Structure formats: structure tokens, C-alpha cells
Amino acid sequence: MTSCHVAEDPIKKVAIFGGTHGNELTGVFLVKHWLENSTEIQRTGLEVKPFITNPRAVKKCTRYIDCDLNRVFDPENLGKKESEDLPYEVRKAQEINHLFGPKDSEDSYDIIFDLHNTTSNMGCTLILEDSRNDFLIQMFHYIKTSLAPLACYVYLIEHPSLKYATTRSIAKYPVGIEVGPQPQGVLRADILDQMRKMIKHALDFIQNFNEGKEFPPCAIEVYKIMEKVDYPRNESGEIAAIIHPKLQDQDWKPLHPEDPVFLTLDGKTISLGGDQTVYPVFVNEAAYYEKKEAFAKTTKLTLNAKGIRSSLH
């Protein structure tokens, strides 16, 4: 064994979550299919569990019932005493933490893939929560390479105030998968096919790793969140301008200070401003109107991972 390789424990337990947001139908559709017939997600020596995370929201085809399930996996919510007036999603979070966690414990699942759709033109996107995680950087490199020439982007949400307590964060290795554009409550065959391939390549990577394959050092390009940008608003707090046509559908493309980002109804253009080029993501995402987020600014950087191999080999 050379010093440039890190020995990691083999992966034993993997979960695939669909329906964290009940109106993002690709994950719901795939997970329901795999619950009926799990052949394509089974790998030798690996437990892979498909799971519908927010069944009531799925049934109503709505993002959530009481609050966003993908934001409540923090110690405070997970530690709340059971009571009738607990929001439905907080009760679900506690149940999911019991089944797949507990969070930050030895018993938690090794990997959780959390399947999401976006109305934004983001294509295949992997969401990374930790820039120092050699294993996940290696996995993402493998998925990106396997999907080529189809583009696959990595969104790094590591930020002291903007990172949130995701459903998948109870796993040792949390993986967000986001594919779009797809309207809420709608299925698209091309988007479904892309998500299905991402999961296939991820599971193949895990199997290769468990069987002793060495992965040499690698590097990937990622887009790290800098800040979230709200829509311009009037004195009543209502939206006063919309995403400019030149920004619409331009996720991941360079956005310069002089470039237009908003357009008012009387035809006034509002430009980005500032002094640096950024890369917008989640442009005009339908679910983020309530979160007061028109798009997020990211900066592009390269992450390097050491070589890895399974500690069993």
C-alpha cells in the first residue's frame, strides 16, 4: 500500500430516498419501481434499501405537509419530544433517523442517495456537503466520467450559514442527486433516464470499491455556494422584478457583473453588479419562491481526492 492511498471501510448499507419532496416525481417513481422490483439496484454483498421519505406529501403531490423535510434533520428537531402538535415532517424526520441513523453514530447507514428534481435547467447535478471527503469526491468523479459526454455538475453546499440539515445528512456519506429541468408534479422520460443512470453508476462504483478496486488520486470541478440572491421587492415585500430572459435556463454558465439578472414590468433591467464573475444555479426554481431565492451564486473550484481502496483488500 502506498501512502497516497487511503484505506476506507467497505460499504455495507445504502438507502435510496425518493419523495423527500412529494411533487418531485422522478425519485418517487423510481423508488416505487424499485420497491416492487429491486433487481437493478442490487449489488453483491450490499444492502440497498429504497424508501419513500414523505408519503403524505407524495400522496398529495405537494412539496411538504407542514414544513420542508429536507431542512429539519438538526439536533433540535431530532431531539424534540413526541407530541400531537409536532409538525408532520419533524415526526417523519425522527422516524427516518431511527430507521437509517441515528445521525453521527456508528450504526447509521453508510450512504444515502436522496433523489430530487428541480424546475431549473441544472441537468444532472450531484450535491456534495464536505469538500474534504475523499470517498465522495472519488464516487462523483466516477459518476461524472461514466455519464460523459452527458454533463454532470457538482454543487458544493459547504457554507457556515447556508448549509442546511438535509434528510440524507444522517448517513456517513450523504449524496444529493438533483436532475432538471422538470416541472413539479410532472414526469419526463429523459430526466428519469438520467437519474436512473446516476444511481446505476454510483452503485457500480460502490461494488468496485468493495471488491478491492483501487481508485487513483483524482480531481473534480465543483461549484461552491457563495450566497443566495432574492428577487427585487417592493415596500409590501412583493416581487417587483422577474428573472431576465438572458439569465433564464443559464444555470452553470458564467455570469458577469454587467450581465442582466432581473427585469421589471416596466422594462428596466437590473444587472448582477459586484466585481466578480459567478456561476448561477437553481435559477428561477419554483420551490424557492417561498424561500426568497431567485438563484444562488457559486464560484468554481477544483477539489482533489487522495487515492482510495477498501480496507478489506
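How many of the 8 residues of strand E7 (residues 173-180) are buried? The model is predicted, so local features need pLDDT of at least 70 and side-chain atom pairs pLDDT 80 or more, while totals for chains, interfaces and linings use all residues. Residues are numbered from 1 along each chain as its sequence is written, and side-chain values use heavy atoms, without hydrogens and water.

In E7, 8 of the 8 residues are buried, so the strand is largely enclosed by the rest of the structure. Buried means under 20% relative accessible area, with a 1.4 Å probe and protein chains only. Strands are DSSP runs of at least two residues and helices of at least four (H or I), numbered from the N terminus. In a regular strand, side chains alternate between the two faces of the sheet. On one side of E7 lie Tyr 173, Val 175, Ile 177 and Val 179, and on the other Pro 174, Gly 176, Glu 178 and Gly 180, all buried.

E7 pairs with strand E4 (residues 111-117) in the parallel sense over 7 bridges; pairing requires at least two DSSP bridges. Strand E5 (residues 123-128) runs antiparallel to E7, joined by 5 bridges.

Arg 63 sits in the loop between helix H2 (55-60) and helix H3 (75-78) and is buried, at 8% relative accessible area.

Conventions
Buried means under 20% relative accessible area, exposed over 50%, partly exposed in between (1.4 Å probe, protein chains only).
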